[in-house]
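User: I am new to this structure and would like to go through it in questions and answers. Please show the sequence and model to begin.

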Amino acid sequence: MQKMAETNNSVPYTQLPAEDNNTSSNSPAKCRRRPKRVSFIVLTGLVAALLLFVAVKYGNNEAEDVNPGPVPPQETVCNMLGSNLMPLTTMRTVARGVAEGVSAKSRGRFLGLRPFPWTKQMLAWQRTSFHFQPKKNWMNDPNGPLFYKGWYHLFYQYNPEAAVWGNIVWGHAVSRDLIHWQHLPVAMVADQWYDINGVWTGSATILPDGKLVMLYTGSTNESVQVQNLAYPADPSDPLLRKWVKYEGNPVLVPPPGIATKDFRDPTTAWTTPQGKWRITIGSKVNKTGISLVYDTIDFKKFELLDGVLHGVPGTGMWECVDFYPVSKVVENGLDTSDNGPAVKHVLKSSLDDDRNDYYALGTYDAVAGKWIPDNPTIDVGIGLRYDYGNFYASKTFYDQEKKRRVLWAWITEGDSEAADICKGWASLQPIPRTIKYDKKTGSNIITWPVAEVENLRLNSKEFDKVEVKPGSVFPLEVGTATQLDIMAEFEIDPKVLERLEGNNATYECRSSGGSAERGALGPFGLLVLTDKGLSEQTPIYFYIAKDAAGNFTTFFCNDLTRSSEATDVRKLIYGSTVPVLQGEKLSLRTLVDHSIVESFAQSGRTAITSRVYPTKAIYEDAKLYLFNNATDVSITASLKIWQMNSANIQSS
């Protein structure tokens, strides 16, 4: 049995006065500050005592989020970065968005009690050269990516006023190849009662007649999360520069039993056997993350199906849910509506509780509107991830031009908010990735940078069968190492592997001692963004564990603990296991672009993205090395390394 969802005709929320409701959806963004502001508390004396107070009060990683603080002038913050007299609110994490029903930039204590004296040269180096990001200010989730009339479109959440979260509108850029971009004017602004507190995540659906509709989440004047409909003002415009909001918005409001701030991020629609369109929306009930299912004919009236597409207890709020098919037999991507015996369906959710993107493979029952995981022990939120590093709020789209499914995401900062304000921008996008079913393992997907990024490759160097002995480092002379595409293979003599005895010791990247923790069979790999003295280094490596029964488990890790001498950046260890099949060499691809490093093991079975903020390993002082910190084996490495050109990202 299906239930008719509440529509805009029975909205129980207070609308704004009529003059605000009549504001054009294409009017320019006004200078608004949504979060409440509190005054700065300036340290004027007893610096040491107050620093001790901060350390005691905010030193716990599980500290509660603090109230949103004001955004100080950029010049003031930059001057204060090298001073001990920083405002207290700048010296701890400033949570923005929790009260409004969205996630904050970060949680817990401030990243280091001592602000680092960043120079303009250091901060300028952090800006990427071939990854997409706005010219300035804050960006987060990608919205409604699509291919339309010869152009790839990326919409994204954007603060046109500052390098912190708030005042969220939709930025817009277009590209012919997913690498070179042209910025366009803001696509949608927060100007109606149903989205006045933010134009949040949305998804595009292309109808059979070529028309385009966009569903997006708006935060109302009472901070209620609702779903709204928009469409191009001129469908013949390939750049989609102007958008119209449906006069009957919102088209969906939180159903009974769902909290007003737990109802967001509609997916791209797909067709049902009954000839309707179907979407799913993320939510939760208590601590069970769920995906609600709605059917529609016209995207204006919706039916709420009984039950949910899927839910997993203990996973908390599901944000940015994505649902799409992958083929078990062909290399091509599939349209979102495709189904059949040769198809698996991927269900993915961004978990608000731990800020990671999880996915699982399963079977979709189109009649019942249910999805069942292939393996419940690695269900959504408790198993596989797209990326085991800094990677969140991802969204895919079907590229009908090249018959592929393309993955976007939000790559956050790992520095302090004060540093973001000083450099004038925060966050970026990864290189778009293709998604395929891994036919060799049958248990995971593969993500890989789109082929177009290879057009940026310049001169290359090859290193063939370099032997790296235990405990040694080998310099790779490639010149400046801030923009690279690295392909590497590693071999270990199989006779040595068999000869070594195994043990029952356990290993896990994140809780290990990082690349400095030596074992018989690892770690070994690359040192990127490393200075000549090795005082700053970012290892990307494999670690092989052999148990007492002789079974091997391969781990793929990224250690940031020595990546920077700065005191106000995250220095975590990322990673997970990676499947390695009989006869396969260990393979690694790494894209280095200043402060972002994207790494892929075994042709993309496991990926790790990190943000790195060195103070010395920058510009011509950034170097590249091989390393082997294993105790009992030598490795043989073969590499091809390209210098990478900069992408052309133009203003409108």
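User: Which residue stands opposite Val406 in E22?

Analyst: This is a predicted model, in which local features need pLDDT of at least 70, side-chain atom pairs count only at pLDDT 80 or more, and totals for chains, interfaces and linings use all residues. Residues are numbered from 1 along each chain as its sequence is written, and side-chain values use heavy atoms, with hydrogens and water left out. Strand E20 (residues 404-410) and strand E22 (residues 433-437) run antiparallel and are joined by two bridges; strands (E, at least two residues) and helices (H or I, at least four) are DSSP runs numbered from the N terminus, and two strands pair if DSSP finds at least two bridges between them. Across this pairing, the residue in E22 opposite Val406 is Thr434.

User: What is the average twist from one strand to the next in the open sheet that holds E20 and E22?

Analyst: The sheet has four strands in the order E19-E20-E22-E23, with antiparallel pairing. Its edge strands, which each pair on one side only, are strand E19 (392-399) and strand E23 (445-449). With axes as lines fitted to C-alpha atoms (for helices over the stretch in contact) and angles from 0 to 180 degrees between N-to-C directions, the twist from one strand to the next averages 35°.

User: Which residue in E9 stands opposite Pro232?

Analyst: Another open sheet has four strands in the order E6-E7-E8-E9, and the pairing is antiparallel. Strand E6 (199-206) and strand E9 (243-245) are its edges, each pairing on one side only, and the twist averages 30° from one strand to the next. Three bridges join strand E8 (residues 225-232) to E9. In E9, the residue opposite Pro232 is Trp243.

User: How many residues apart in sequence are the parts that the pair of Cys509 and Cys557 ties together?

Analyst: The structure holds one disulfide, a term for a pair of cysteine sulfur atoms within 2.5 Å. Cys509 and Cys557 form this link with their sulfur atoms 2.1 Å apart, and -60° about the S-S bond makes the link left-handed. Cys509 lies in the loop between H6 and strand E27 (524-530) and Cys557 in strand E29, so the parts tied together are separated in sequence by 48 residues.

User: Are Cys509 and Cys557 buried or exposed?

Analyst: The two residues form a disulfide. Both Cys509 and Cys557 are buried.

User: How many nonpolar residues does the lining of the second largest pocket have?

Analyst: Strand E26 (483-491), helix H6 (494-499) and strand E29 (552-559) each supply at least two residues of this lining. Nonpolar covers Ala, Val, Leu, Ile, Met, Phe, Trp, Tyr, Cys and Pro, charged covers Asp, Glu, Lys and Arg, and the others, Gly among them, are polar. Beside four polar and four charged residues, the number of nonpolar residues in the lining is 10.

Notes: Buried < 20%, exposed > 50% of the residue type's maximum accessible area, 1.4 Å probe, protein only.
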